[in-house]
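Let's take a friendly walk through this structure, one region at a time. Have the sequence and the 3D view at hand.

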Amino acid sequence: MAGASSAVTKLNLLIITNSTFAFNPFVRTGYLDVVAFRKELDLARSILQEDSASSEMGSDRSHESLSIGVGFLAWILDKPDGKVAELLSTALEARVAAVWFAFGNDLGKWVRVVRNSDERKSQPRKTKVFILVNSLDEARRAVYEWDADVLVAQGIEAGGHGHGGAPPLLNFVPEILNEFNSNSASQHKKPCPPVVAAGGLSTGSQIAAILTLGASGVALGTRFLLTPESLYTDAQKAALLAAHGTPTVRSMAFDAMRGTLEWPEGVNGRALKNKIVELYERGEDVEKIRELYRKATKEDDPDGMLIWSGTGVGLINKIEPATALVARLHEEIASRLKEVGTFVN
């Protein structure tokens, strides 16, 4: 999955949020191995209380549905060793409710794997496929070629990885909706699937605004980093809270530090700007910068650590529990939409 929260948020946070407002949470796979991933699925099933009375943790429960989604970086799925592809098979065997694909050169290949798996099940069901898109062309392919169930429209403002040429979110969502709802698009006989907006959203007011543009929902990343449930360190959280005047930047600096440079062309990561980014962008010796990065990470020093962040970080001023955060955002969204309604009455 993309976004600042995908690699740092506890499964418990997602489940708490799910139990509050009844949407399917997503578990990221990232760089997990099969054993660790199975533990995540078992934990999810346990928290959601979907175990049957006769089942035990770790037993084969592939016949039962699991009301979560799983996110995959498609460029990792494409690796020839097949290790991450095995994670997809494991997720489908667990009958997860949805999968989320992002950043690959042939997403259609993996969508077909999902559809074929659904057809082979003794009790056929449709696993919902979410596809993250960074351009109108990608949105067209996701709908017309890959039959996506949900589009995740990620704007240039997003923290974590995204395409450096993505449009601003406030333009991108209307462009997608206009593409599929216009008269010419209707000839294709495929209506626009739900559009989930992602990128730079931190407040209920922002979410309300994007909903009025036609988005069906939103995906938040950076905002959930500032919760007790987040796996970010206290130093990383403090840096985010202090980031009101600190710019975020798109760069491959931290991928160079971590040795994860296999992202598709044009994809990079947005994070807080710090010493590592400055040295990398100046063209300093990568090995020397990597030593500084490792030292800073070990010592929990924000000036040299990786701190993914979207552009909305300056609007966040406190750490609050995930459940309370979602409830507050919900109230703020409702209040703003009600205020907007007064303009037409």
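## A patch on the surface

Which residues form a nonpolar patch on the surface? In this predicted model, the patch consists of Val340, Phe343 and Val344, and together they have about 370 Å² of accessible area. Val340 belongs to helix H15, which covers residues 322–341. With a relative accessibility of 42%, Val340 counts as partly exposed, because that class lies between the limits of 20% and 50%.

Helix H2 takes in residues 34–47.

Now look at how H2 is covered. Its buried residues are Val34, Phe37, Leu41, Asp42, Ala44 and Arg45. Viewed down the helix axis, the buried residues of H2 fall within an arc of 160°, so they line one face of the helix. Val35 and Lys39 are exposed on the other side of H2. At the start of this helix, Asp33 brings a side-chain oxygen to within 3.3 Å of the backbone nitrogen of Val35.

As a reminder, side chains of opposite charge can pair when their charged atoms come close.

One of these salt bridges joins Arg115 and Asp149, with 3.2 Å between the closest N and O atoms. This pair links distant parts of the chain, the two residues being 34 residues apart. Arg115 is in helix H5 (residues 107–120), while Asp149 sits in the loop between helix H6 (136–145) and strand S5 (150–154). Are the two partners buried or exposed? Arg115 is buried, at 16% relative accessible area, and Asp149 is buried too, at 12%.

## Pairs along helix H15

Arg328 and Glu332 meet through their side chains at 3.5 Å, N to O. These two residues are four apart in H15, so about one helical turn separates them. Arg328 is partly exposed, with 27% relative accessible area, whereas Glu332 is buried at 19%. That last value falls in the buried class because the cut-off is under 20%.

Glu339 and Arg336 make another pair, their closest N and O atoms lying 3.3 Å apart. Glu339 and Arg336 are three residues apart in H15, and so they too are separated by about one helical turn.

Which residues do salt bridges with shared partners join into one network? The members are Arg223, Glu320, Arg328 and Glu332. Arg223 is found in helix H10, residues 222–225.

Arg223 is buried, with a relative accessible area of 2%. Its side chain also reaches the backbone oxygen of Lys318, at 3.3 Å.

Notes. Residues numbered from 1 in each chain as written. Predicted model: local features only at pLDDT ≥ 70, side-chain atom pairs only at ≥ 80, totals over all residues. Heavy atoms only, no water. Expected span 1.5 Å × (residues − 1). Buried < 20%, exposed > 50% of the residue type's maximum accessible area, 1.4 Å probe, protein only. Arc of directions from axis to C-beta. Polar contact = N/O pair within 3.5 Å; in protein donor to acceptor, adjacent residues only side chain to side chain. Patch = residues over 30% accessible without salt bridge, like charges linked within 9 Å, V, L, I, M, F, W, Y side chains within 5 Å. Areas by Shrake-Rupley, 256 points an atom, 1.4 Å probe, with all protein chains shown as cover. Salt bridge = Lys/Arg side-chain N within 4 Å of Asp/Glu carboxyl O.
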